[in-house]
Amino acid sequence: MLMRLLGTYGTIIVLGSMLLIFSVLQPGTFATIGNFRNIINDMAIGTIVAAGLTVPLVAGDFDLSIGYVASFCGLLVVGLLSFSGLSIPLAIVLVVGLGTLIGIVNGIVVSKIGVNAFIATLGTGTIVVGLNYAYSGGIPLQLTQSREFTNIAIGRIAGVPHLVIIMAVVLALLWVILNRTVQGQHIKAIGVSPESARRAGVAVDRSRIVAFAIASTCAAIGGVLMASNLGSGQVTAGDGFMLTSFSAAFLGSAALREGQFHILGTLIGVLTVAVGNNGLAMIGAPIFTQFLFTGCLLVVAVALGGIGRRYGRG
């Protein structure tokens, strides 16, 4: 019973414990509405990327290229705006479309050619890094017309930050795709058993390609929003999304379900990572402790997810 409890509610227990500890340590700064508002706003971009990663994870695949795709797309959108003179809508459409194309390539390499997803996406991500440096020369790119583009990330509607609104829309769309569409049911079926899904008439290869395309599209959206938030294109700004997204997704698999990846769980996982990092910063912990925390959290997340799957089946 204890193991099943940890596998289903372990992440919520971790989150609740951190909220309690940091609130006791820093009641005047951590446990405030303003700080929680900042946490939600700061985690919005990472949530979009992590939620996109959740889709191929549901299908039983990995995508290690998402952080590199976010970095490249953020840099590229700034370059298209500043040096190619494209309009903001056109630049965003092209960059997000490129992200989708990268995901399709990942899906084809994995499903049609049969390359292991770990190797395929790591290779694709490395190619993206090369394109990133080829385009920028390894130098950050600055916006020449910043106000309209940066307003995408820092603006507000009725007091609600644009980032929070965009995050909510993306999460809602992904939840609907996975839970209320035939394609989503196919992706879930593949995650349970690709061979059984194939025998049931599911187009396994196409569904896996769709899952990878969704992940890279969300990574591209995250990259664009990151560039808007920073007001520049940074060569490696999105690379860290890979580790935090996996941590969040695996933590989410131990939230409300027994070792299953799902969108709401990923949101809870991202919140757990964000609260931990924010709390460490509030108590004045050295910056390296945030990396130690995220790494340890990933190990704990995988362990909790494994416990949930093992005892859920039992």
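## Aromatic pairs and a helix contact

Ring pairs join Phe62, Phe246, Phe250 and Phe261 into a cluster. The model is predicted.

A pair of aromatic rings is described by the distance of the centres and the angle of the planes. The count here comes to five aromatic pairs. Two of them are set out below.

| Pair | Centres apart | Angle of planes | Class |
|---|---|---|---|
| Phe30 and Phe36 | 5.6 Å | 80° | edge-to-face |
| Phe250 and Phe261 | 5.1 Å | 85° | edge-to-face |

Phe250 sits in helix 12 (residues 241-252), and Phe261 sits in the loop between helix 12 and helix 13, so their pair ties together parts that are 11 residues apart in sequence. Phe250 is buried at 9% relative accessibility. Phe261 is buried too, at 16%.

In the other tabled pair, Phe30 is buried, with a relative accessible area of 0%. Phe36 is partly exposed, at 31% relative accessibility.

Now to the helices. Helix 4 (residues 66-82) packs against helix 6 (residues 117-136) at an angle of about 25°, and their axes are 9 Å apart. Angles under 35 degrees count as roughly parallel, so helix 4 and helix 6 are roughly parallel to each other. Their crossing is left-handed. Helix 4 makes the contact with residues including Tyr68, Phe72 and Leu76, while helix 6 uses Val128, Leu131 and Tyr135, among others. By class, this contact has 10 nonpolar, five polar and no charged residues.

Is Asn277 buried or exposed? Its relative accessible area is 18%, so Asn277 is buried. Leaving out residues up to four places away in sequence, Asn277 touches Gln290, Phe293 and Thr294.

How values were computed. Residues are numbered from 1 along each chain as its sequence is written. This is a predicted model: local features need pLDDT of at least 70, side-chain atom pairs count only at pLDDT 80 or more; totals for chains, interfaces and linings use all residues. Side-chain values use heavy atoms; hydrogens and water are left out. Axes are lines fitted to C-alpha atoms, for helices over the stretch in contact, and angles run from 0 to 180 degrees between N-to-C directions. Helices (H or I, at least four residues) and strands (E, at least two) are DSSP runs, numbered from the N terminus. Angles under 35 degrees count as roughly parallel, over 145 as roughly antiparallel, 65 to 115 as roughly perpendicular and the rest as oblique. A crossing is left-handed if the near helix is turned anticlockwise from the far one by less than a right angle, and right-handed if clockwise. Contact means heavy atoms within 4.5 Å. Ala, Val, Leu, Ile, Met, Phe, Trp, Tyr, Cys and Pro count as nonpolar, Asp, Glu, Lys and Arg as charged, and the others, Gly among them, as polar. Buried means under 20% relative accessible area, exposed over 50%, partly exposed in between (1.4 Å probe, protein chains only). Rings of Phe, Tyr and Trp (its six-membered ring) pair if their centres lie within 6.5 Å; planes under 30 degrees apart count as stacked, over 60 as edge-to-face and the rest as tilted.
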